[in-house]
Amino acid sequence: MAKKKLSKSLKDFWYGKPHTAEEGGRRLGELYEDKTGLFKHREWRGVKDTFYYMYMIWGYNYVHMVTDILKYSDNPIDFFKGTWRYRWMGQTYLPVIHWFDRGLQGMRGPALRASAWHYRAMVSASIQQICNFFNGDTRLHHGKENDAYRHTFLAKETTCGTLFYPWMDAGYQYVPIEMIPYFVTCHVNSHTVLNYIDAAQSIGLPGDPCPMCQAEAGIYVLDDVPDCAPFVITCNEACDGSVGTAILQDWFIDKPLFAMSLPMQFDDPLVRKFCMKDIEECWKFIEEQTGVPFNFESMVKRLELQNKLQRDEWEKWEVAGKTDYYPVNGVAQALFRIFSTQYGIQGDFWLEASEKVKKIMYRCVEKKINPFPQTRHRVIAWSCAPLYYSNWCTWAYNCWGLNTIINMDSLMFDMEIRTDSYEHMLEDMATYHMWAPMRRMAVGGMHHIFELWDYMERFNCDMVAMYDQLQCKGMQGVHGLFEDEFRKRNVKAFWLPHALPDCRTVSRAEIRRLINDYMTTVMHEEPLDPSLLDFDDSMTW
Amino acid sequence: MCKIGKFFLKLLGIFLAANAVLFVVFFFDLDGKLLFNVVEPFLKNHYDNMKRKDVLTMPYDTDKFPKYKYDE
Amino acid sequence: MKDLKHLIYFENLLQEANNELVQQGKKEGLRAIGYTCYFMPEVLLDLPGCFSVRLRAPRCTSPDIATYYMSGRVCHYGRSLLERALEGGFNFLDAQMATETCTVTCRFQEHIQQKHLKSVDDMRIIDNDDFFCEFTDVPFKNNENSYQHFETQLRAHVLEPLHEHFGIDISDETLVKTVEEHNELCRLINEIGDYRKLDNPTNPTITGYEFHVIQLVSLVCPKHLILPYLRETAEELKTREPNQKKEFRCKVLLAGSENDDPDFTKLIEGCGALVVCDRYCYGAVESRQPIVLEEGKSPLRCIAEHYLKTSNCPRFMPQDEMRARKQRIANLAKEYHADGVIVASNKFCEYWSYERTIDTFILKRDYGLPVCSIEKEYINSASGQLRTRFQAFVESIEIKHIQEGKENG
């Protein structure tokens, strides 16, 4: 008996405890401190994976959070000044590693390694953006407009980064205004954004518009946007609320502003010409403001890299859809994809990470390694995800064996842009812009949102995690039809209500409770890790 | 033992000790605990008490900017 | 003041979408074409052989089935329209000319659109074999590119389908003639509405409520059938004697989102504020500006330009346009001698949530206009709360007048 126990202990030490509901299985829920979500101690994943995590993820990323600043910042002191000046910066930058912890909890072997590379690229891109913010920020430079200020494009985060490629050879950088202060912040530290939502409502904005748009407006209300560029570009993506936000932003920015007006009915071949002209008008505005002409070569250079990244993604999707060997978990897949496509190619980080992930993936395919061996259901996540709990899918795998294979956001930018001629490039740019972001399935006719059934088939999924963004008018407007179709098609689907960045509306615990209820009462299944069923992480980042 | 050997042993000792400390910090989430319990409250307090510009006093001039039209 | 001869008749016409005149129009063999948004040019739907009906869902207070389909967290207007459609209230429609100009009305129109898809069932909400629903893409700007685009869209998605489905004559000559008839209606409505510009706050020739009713019937009935009544009303007003005793304590401009509920105007006026100007969706400020046909441009092009140039919808995004909207409200307040502005947005209306917020600050700060900012439902069942707000607003205007030493009556 003692020998058996010792042997089990040694095995657990070497490999980590098994992912099973049976006695002796790992119990990740027991690692959490009450309420804060901090760890009593981090997970022991076996010798190899624990030390991989410690050195190659925890240590490596801490080190790179310093070296990346040195790499991208004109003056590292600005970074510290910015941290002191902006709430979204100080409160978000430091808990980054905990964001890794939440997303990679329970991952082992190739899943741990591949998912971490996606995270790594996002951190690198974030640091670059932060440095671009601070390099030209007049608030950090005694009100002076320096060279970096004159070489920065500031645009609403829903404007695609591709638009600015033609000026990048001339040393220009693009900063999506709200991507770090709002979008990234929500994922890393969900406390920060609440200040901005409250600020927007403090000036009389009702509480019912999309909380993403409220938060975007709130950043301005709290005067928390760096003054780092001479002009601004906005656009009508992704929804009515975004358009509304632009009205407030124009007031608070008070700089030359160009509004891109992308057509909604993108299936209609007649709209493309209009969209192409609108993009060209935007480029003329940039030329007028900067005095620097449009450079097609600069555009092509980056579009080709972007296309390469797209082809990589297709390759990954092929493996994800047709095999059990795709090593990236649901949250790493979703965030990497939406972040990289929205920000565009402004560095090597996306492609480098993609190469590393592909290498891990090839190995899994060759050696037939299933990185998610406890998968019970292959899940497709549809509609827009809760930003404060994007790692719900990590929890769902650990607790119930629900493996989120793909999500709607990933599928939006699903095209290459031709670079053989200006006309072809412009045509494809028009389509790309009309499709993204958050628009490919959201506008242009409700049949697009029901492409879900095709994607379920393509990715071989047997279950739907239906995000229910309570303040998204577009998705609420088709709620009943989805209910009808789920019933008619006998599709296993659970609703996951949330309010995008605002963790106060539907708590993480409530989301877990709803999934637990579905899995027990509808699916009649037992959890793989009962310790994860119910725990209090109400105060967590 | 020669001096060089001692030096390398010392170096190895420092390396192992540093790794042991790092491991303790890593394994017991001491970085998270420090950030959550000390750094974030301190920074929050700082941001909450920062003097901020009242953006509602920003001008809103109808004619400040030209019409950005490039198609006529 | 003597009651308007046709007011009760007009009020009855507003009790349901398929009203007496709509039924009469259908009996004459005309096609009923529905629409929801100002950006769908009403004039094109009034071509010979068809007539426009701007959709409303009067008296819809509990849209239960629509709430199942669209949840309770979207604009009550969109849900009410769907509820009315599900009840069969829009079965008289032969077509819906749809726009994706705000999310919820778009979703409503997508529900009634025939889908013919494998991905989602067609609910056949509009039980009419002839019915079709066509979407037009409406730009968010008013520049040359947008005019061209909108013209192309209107030809492809409004005129041609009307011709193909119902054999409607869409020639330029017919368009010109229809614009003339439309302009006559505009002239009549403006003639009626211009009494509100007179500087006689205590005894108006026409109340805001009466005008609201008249404007609405002009939107929801076949034009040729409602015109005789409007002509008669315009004549009647020429000799109408205003009341001698003080009826209202101040004049206000009502701006904001969708509003097709005359009882809302009545509620404001019941609190002592005469509504002299209606700058909201379904109001006359934009929709009753005559269309100018310019030489050298096709009638359709002129129509496309007209609707993009006259709109004050907050979905318009060019910087100069966003800023000019506030100036226009201030100009209107001056033109109509309004003492203050009520900015009202429907609950869950995203565009107007933001526009209202900024209007509330800027109109007061930069133009010195008192502003009452409110959020309302499509059908205002919570009138008690609103009444309190409006009464307080009227009092604040009176206090302002006293402080300014201005004669108040």
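**Figure 1. Contact between chains B and C in the predicted model.** Nine residues of chain B meet 12 residues of chain C here. On the chain B side, four of these residues are nonpolar, one is polar and four are charged.

**Figure 2. Contact between chains A and C.** Chain A contributes 53 residues and chain C contributes 45. Several elements of chain A each supply at least two residues to the side that touches chain C. The helices in this group are α11 (240–253), α12 (271–290), α19 (473–476) and α20 (479–489), and they are joined by strand β4 (257–260). α11(A) gives the most, with 10 residues. By class, the chain A side holds 25 nonpolar, 16 polar and 12 charged residues.

**Figure 3. The open sheet of chain A.** Four strands build this sheet, in the order β2-β1-β3-β4, and their pairing is parallel. β2 (173–176) and β4 of chain A stand at the edges. Each has a single partner strand, so one side of each lacks a neighbour in the sheet. On average, neighbouring strands are turned by 25 degrees against each other, direction ignored.

**Figure 4. Pairing of β3 and β4 in chain A.** Strand β3 (residues 232–235) of chain A runs parallel to β4(A), and four bridges link the pair. In one of the bridges, A:I233 has A:F258 of β4(A) as its partner.

**Figure 5. Helix α6 of chain A against the sheet.**

**Figure 6. Crossing of α6 and α14 in chain A.** The axes of α6(A) and helix α14 (residues 330–343) of chain A come within 9 Å. They cross at roughly 35 degrees, and the crossing is left-handed. From α6(A), the contact takes A:S115, A:H118, A:Y119, A:A121, A:M122 and A:A125. α14(A) answers with A:A332, A:L335, A:F336, A:F339 and A:Y343. Nine residues of this contact are nonpolar and two are polar, with no charged residues.

**Figure 7. The two domains of chain C.** The domain assignment divides chain C into domain 1 (7–168) and domain 2 (175–403). Taken over C-alpha atoms, the domain centres are 23 Å apart. Contact between the domains involves 43 residues of domain 1 and 47 residues of domain 2. On the domain 1 side, α1 (7–13), α2 (20–27), α3 (42–45), β2 (50–54), α5 (76–86) and α7 (144–166) of chain C each supply at least two residues. The largest share, six residues, comes from α7(C). This side of domain 1 has 25 nonpolar, nine polar and nine charged residues.

**Figure 8. Packing of α9 and α11 in chain C.** Helix α9 (residues 208–220) of chain C packs on helix α11 (residues 262–270) of chain C at an angle of about 170 degrees. Their axes are 8 Å apart. α9(C) and α11(C) are therefore roughly antiparallel to each other. α9(C) makes the contact through C:G208, C:Y209, C:H212, C:V213 and C:L216. The residues on α11(C) are C:P262, C:T265, C:K266 and C:E269. By class, the contact comprises four nonpolar, three polar and two charged residues.

Definitions and conventions: Residues are numbered from 1 along each chain as its sequence is written. Chains are lettered from A and ligands numbered from 1 in the order in which they are written. This is a predicted model: local features need pLDDT of at least 70, side-chain atom pairs count only at pLDDT 80 or more; totals for chains, interfaces and linings use all residues. Domain bounds come from an automatic or database domain assignment. Two residues are in contact if their C-beta atoms, placed from the backbone, lie within 7 Å. Ala, Val, Leu, Ile, Met, Phe, Trp, Tyr, Cys and Pro count as nonpolar, Asp, Glu, Lys and Arg as charged, and the others, Gly among them, as polar. Axes are lines fitted to C-alpha atoms, for helices over the stretch in contact, and angles run from 0 to 180 degrees between N-to-C directions. Angles under 35 degrees count as roughly parallel, over 145 as roughly antiparallel, 65 to 115 as roughly perpendicular and the rest as oblique. Two strands pair if DSSP finds at least two bridges between them. A crossing is left-handed if the near helix is turned anticlockwise from the far one by less than a right angle, and right-handed if clockwise.
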